[in-house]
Amino acid sequence: MAKTILTVDDSAFIRKLLRVTLVGQGFDVAEAEDGVAALEWLAAHDRPDLMITDINMPRMDGFGLVEAVRAERCHDTMPILVLSTEAADDKQERARLAGADGWIVKPFNPDQLASAIHSVSQ
């Protein structure tokens, strides 16, 4: 059975790119366009095996999403990767303190993404 990854990004292009990449690597993919939509998806579905989120999004950014997910007992151990154009150390530290398990800077390459998924999924 394939693992499910929830991708959260306000860019339809990035969501499509992630879908093509992840499905090609054997994953099932669910999508949300921002943190609010991601929380709604999580409330209505079984826990995904991993979540990949952007930081800069409308309604609820990635920092707020990571904090909200970590506050829910049923999702507090779900691996979370941040995929963002941001590369500043202070932003990465803020995400880590919120509960993110890893950080990848856009644009990503498929091998780097697969390696990061494998690393945080163990």
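So, α1 passes α5 in a right-handed crossing, where right-handed means the near helix is turned clockwise from the far one by less than a right angle, and left-handed means anticlockwise. By helices I mean DSSP runs of H or I with at least four residues, and strands are E runs of at least two, numbered from the N terminus. Before I go on: this is a predicted model, where local features need pLDDT of at least 70, side-chain atom pairs count only at pLDDT 80 or more, and totals for chains, interfaces and linings use all residues. Residues are numbered from 1 along each chain as its sequence is written, and side-chain values use heavy atoms, with hydrogens and water left out.

Okay, back to that pair. Helix α5 covers residues 110-120, and α1 packs with α5 at about 70°, their axes 11 Å apart. Axes here are lines fitted to C-alpha atoms, for helices over the stretch in contact, and angles run from 0 to 180 degrees between N-to-C directions. α1 and α5 are therefore roughly perpendicular; that label covers 65 to 115 degrees, while under 35 is roughly parallel, over 145 roughly antiparallel, and the rest oblique.

Which residues meet there? L18, T21 and L22 from α1 meet P110, L113 and I117 from α5, with contact meaning heavy atoms within 4.5 Å. That gives five nonpolar residues, one polar and no charged. For the classes, Ala, Val, Leu, Ile, Met, Phe, Trp, Tyr, Cys and Pro are nonpolar, Asp, Glu, Lys and Arg are charged, and the others, Gly among them, are polar.

Now the sheet. Five strands make an open, parallel sheet in the order β2-β1-β3-β4-β5, and two strands pair if DSSP finds at least two bridges between them. At the edges sit β2 (28-32) and β5 (102-105), each pairing on one side only. From one strand to the next, the twist averages 20°. Helix α1, residues 12-24, packs on this sheet, touching β1 (4-8), β2, β3 (50-53) and β4, and its direction makes about 170° with that of β2.

How many bridges join β1 and β2? Five, in the parallel sense. One of the residue pairs is T7 with E31 in β2.

Last stop: α2 (residues 35-44) and α3 (residues 62-71) pack at about 25°, with axes 9 Å apart. That makes α2 roughly parallel to α3. Their crossing is right-handed. On the α2 side, G35, A38, L39 and L42 make the contact, and on the α3 side L65, A68 and V69.
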